[in-house]
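Here is a quick tour of one model, written for someone who likes to know the cut-offs. Have the viewer open as you read.

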Amino acid sequence: MNDLLPALWAPERWLGLAWLALAGSVLTLILAAGRRIGRRLNLRLWGVPEALVAGLIGLLVAPSGPLPLLPPHLMELWGGLPLVLLTLVFGSLMLGKPLPQLGGLWRPVGGQVALALVLAFGQYVVGGLAVLLVLQPWLGVSPVMACLIEVAYEGGHGSAAAMGPSYAALGFPGGQDLGLAMATVGLLSSTLVGGVVVVIARQRGWLLAQDNALPREAAAVPAAATPEPPAWAAWAVNLALVGCAVLIGVVLLQLLRLGTDAIGGGVAEVGRSLPVFPLAIIGSLLMRWLLERSGRSHWASAPIQSEIGTLSADLLITSATACLNLALLAADWLPLTVLALAGLTWNLAVTLLLAPRLLPADWFERAVLEFGQATGVAASGLLLLRMADPDDHSAALPAFSLKQLLLQPFLAGGVVTVVAPLAVASWGLPTWTAFCLGLVLFAAGAGLLLAQAGRNTEPTAAHP
């Protein structure tokens, strides 16, 4: 006990806490400035996230920026934030949403799942082909670079930052900065290119006409009024729920590592490399299930959980963008451009050519929502959906939400994103690319068969 007290009062400990407080305060101020600028310029109307503006401000005042005001140690602390913030995003993801009824789940969401799988694994295919046929013969790049399209476009800034240590351990130390840069390109492309696609769709008559709109669900009967708890108490409860979800993810990760260590070999390597954030969503789902089973689902406030996730994601984008290595990006602009264009071309081709054959009548609304998420972030997809379907006539949003529930633990920063570079290193890039191509063909074939079966049964279900 006598030895513990001096350790608690050690100057180094208090100095470290002071640096953490300073790093958090400065990051919050920069995000507030970015949000203020974004609102004044109405950047949301153009699909430009305010957090990206904040990140550019941070990049401006970073030690390597044109106005170096921030100390290097503060940037080192920011560099460790993305993994923590992404875990919070995943931990809050499902807490504020009612669990869907499983009966009849597959039929309405099957085409959406097939489209998402084709987009995601196809990004590994085009990335692998670009590296094997162009970038390796000409520039001698690392084969792990083939994973950047999926981790940046599907996963976004959080996944790109979280995968940095794994890339470095596999001999690709620049993977984190290149992934963050590609995530920024995807974020802008998803809304700018997607906005153009919506305009074209409106001119060509691809949008769901109002007189053919799908029937909307009846409005829910308002529940009996319940006393609202104080704001601080609601926030405390919801933060505690997120903490419990993350804790469940940590416990699951430790159990998984114990199991994989017992197996040994490559399986053990996968277990040791897996971060906690893909399992935090399982904790989020489990906490939501416990709340609904106990009749306390009102504890989880949808607006507060959404704000927790949004704030965490904004802080993540701000810190990740501010920590970009500009010198590395300038040196590797050519492979970055090749991969970014390859991924964008694939996403556009699948959205415009395959989606009409996989999805029902509101195919474009569903497809453009998927394009936004698969190129940028889910918020980009929602923005494009509002542009294409401002009056909410389509069934795109419910199908997308159910698809996210099914696939989020695996793609876009999930288990597949973590395992992919390990598979490239152990199997070899040609084998991994061929494996992903097989999955793309299987998902597309299954989706086409499901769509054909649905069309064959349409005459028996006439509209009233």
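## Helix α11

Let's start with the buried side of things: in α11, the buried residues are A233, A234, N238, L241, V242, A245, V246, I248, G249, L253 and T260. Buried here means under 20% relative accessible area, with exposed over 50% and partly exposed in between (1.4 Å probe, protein chains only). Helices are DSSP runs of H or I with at least four residues, numbered from the N terminus.

Before going on, a word on provenance: this is a predicted model, where local features need pLDDT of at least 70, side-chain atom pairs count only at pLDDT 80 or more, and totals for chains, interfaces and linings use all residues. Residues are numbered from 1 along each chain as its sequence is written, and side-chain values use heavy atoms, with hydrogens and water left out.

As for length, α11 covers residues 231-263, and its 33 residues should span 48 Å at 1.5 Å a residue; the expected span is 1.5 Å times one less than the number of residues. The end C-alpha atoms are 48 Å apart, which agrees. After α11 comes G264, with a positive phi near 80°.

## Salt bridges

A salt bridge means a side-chain nitrogen of Lys or Arg within 4 Å of a carboxyl oxygen of Asp or Glu, and the count comes to three. One of them pairs D314 with R35, with the closest N and O atoms 2.7 Å apart. That pair links distant parts of the chain, 279 residues apart: D314 sits in helix α14 (residues 302-322) and R35 in helix α2 (residues 11-40). D314 is buried at 14% relative accessible area, and R35 is buried too, at 16%.

R288 and E292 also form a salt bridge, at 3.0 Å from N to O. They are four residues apart in helix α13 (residues 277-293), so about one helical turn separates them. R288 is buried at 6%, while E292 is partly exposed at 30%. R366 and D362 make another salt bridge, 3.0 Å from N to O; R366 is buried at 6% and D362 at 1%.

## The cavity

The lining includes A116, E154, E370, K403 and Q408. Elements giving two or more residues to it are α6 (106-139), α17 (363-375) and α19 (396-407), and α19 gives the most, with three.

Definitions and conventions: 1 Å grid on protein atoms, 1.4 Å probe; cavity = no way out; pocket = protein on both sides within 12 Å on 5 of 7 lines; lining within 4 Å.
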